[in-house]
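Work through the exercises below with the structure in view. Try each task before reading its solution.

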Amino acid sequence: MTDMIRLKQQEAVLRLLFQNEHKGFEKLPLTQKNVAMKRDCLTISSEAMEIQKMAKACGQSENIKFDQTVDIQSYFDAAIQANQKALENTGDEFTRSESKYPYMDAVDVCHQILTDKYSKLLEEAKQHDDPELYIERKYYDPTCPWFTSDLTREERSIGYRNEISMLKRGRVVGTNMLDSVFRVNNVTINYEESNASEISYYRQLCNAQLRNIFSKNGIEVEDSMQYTFKVDPYSYYVTVNCEDATRKEKMEFALNQGNNGRNLWLAIEYFSGRDGAHGVQVSNQLSYHKLWANSEVFRYTGYRLNELKEADGTYYTEDGTDIKRLIHEGVRKDPIFPYKAKEDYAQAVCGWIQEVAERGWEKVPDMVLSIGYSSAGLHDLEQDISFDYGSEWYKRYLDSYQYSVLATY
């Protein structure tokens, strides 16, 4: 009888401890993403530790069973195939459209792994009369036979949130890399490698599109030839530096179709502005302000800034209207901005206009962007990093990538 009373006391203490711990957790929002949740440590009795050891001796949890049997490589292989397919179907226009050519990165892969994991675990939970209670006891009641004693405290917190979210919302909570599946399989996502992978994918996409554009227009790019594409920031007209006049004409005709010029300018800006690139071409902030001022003036008023009269730190239309006044009126009518932000944005645009007007349109450098090209593809100019395939940058970040999502196209 004494042993029975002692056992009841032990169980009561355990339930009290873990109920209090769980109540504190329930106050946290389920929608919070990618945050490692931490709770106060509890002092657990030696009896509780013994019960946990007994639970562990009963066998592995369903979580760890999944973690140890999942084929991580197959998920990354599927991502490689998806990215390869996107590159093979780029079409004959120059664009970075994510809807047309979606890129599957390592975080997407890890999210899919978590989705499959907790979908499978939920199947087991639904075999019980009260799936939610089953899940709760699984992560927070060390006295139940299916308690996940082989998970860390943090992994139990993550597992509970994901499994409950899968039960109630049909999806996991973000992509938390502290989940046990990544610990068991030694999977880490390095920001620099992930960033390099995205840049490399975009470079391959650009090269594939340019090859298709030139092939469609019957333009052969010889191995020994080097070209430079220069893009005007206002008209987006592409000028080709090429010794062969006929080939130059054909290339310029092909590159100036549709939105090719605009998207080429954006691509050069993208590569020049990556971390560590230190692109000289995009380093002049005043040139950016000139570009944005011209763009926003045209968007809100239909006027070209350089075609207006420059005086007194602003520009005037033919009838003497200050372009800044028209900007304020245009922004106030723009539904894209919340009411409180309208005035701030109008003031920002007017500030850019004033910067240019005070210095003079012709005295502020235009952000004309250039990039090299050969049969091997695009080649970056005037920056510290070359994002070419096989470059030192590529070897540093992508040659030894733990799990690659990149196809070599």
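**Exercise 1.** Is Asp312 buried or exposed?

Solution. The model is predicted, so local features need pLDDT of at least 70 and side-chain atom pairs count only at pLDDT 80 or more, while totals for chains, interfaces and linings use all residues. Residues are numbered from 1 along each chain as its sequence is written, and side-chain values use heavy atoms, with hydrogens and water left out.
- Step 1: buried means under 20% relative accessible area, exposed over 50%, and partly exposed in between, with a 1.4 Å probe and protein chains only.
- Step 2: the relative accessible area of Asp312 is 74%, so Asp312 is exposed.
- Step 3: Asp312 sits in the loop between strand 3 (309-311) and strand 4 (314-316); helices (H or I, at least four residues) and strands (E, at least two) are DSSP runs, numbered from the N terminus.
- Step 4: although not a glycine, Asp312 has a positive phi of about 55°. Most residues other than glycine have a negative phi.

**Exercise 2.** Where is His278 placed?

Solution.
- Step 1: His278 belongs to the loop between helix 11 and helix 12 (285-301).
- Step 2: His278 counts as exposed because its relative accessibility is 56%.
- Step 3: its phi is positive, about 50°, although His278 is not a glycine.

**Exercise 3.** Which residues is Asn63 in contact with, leaving aside its neighbours within four places in sequence?

Solution.
- Step 1: Asn63 is part of helix 3 (residues 62-69).
- Step 2: contact means heavy atoms within 4.5 Å.
- Step 3: with those neighbours within four places in sequence left aside, Asn63 touches Lys117, Tyr118, Leu121, Lys138, Tyr139, Thr148 and Leu151.
- Step 4: Asn63 counts as buried because its relative accessibility is 0%.

**Exercise 4.** In what order do the four strands of the open sheet stand?

Solution.
- Step 1: two strands pair if DSSP finds at least two bridges between them.
- Step 2: the order is 2-1-5-6, with antiparallel pairing.
- Step 3: strand 2 (238-241) and strand 6 (377-379) are at the edges; each has a single partner strand, so one side of each is left without a neighbour in the sheet.
- Step 4: strand 1 (residues 227-231) and strand 2 pair in the antiparallel sense over four bridges. Phe229 has Val240 in strand 2 as its bridge partner.
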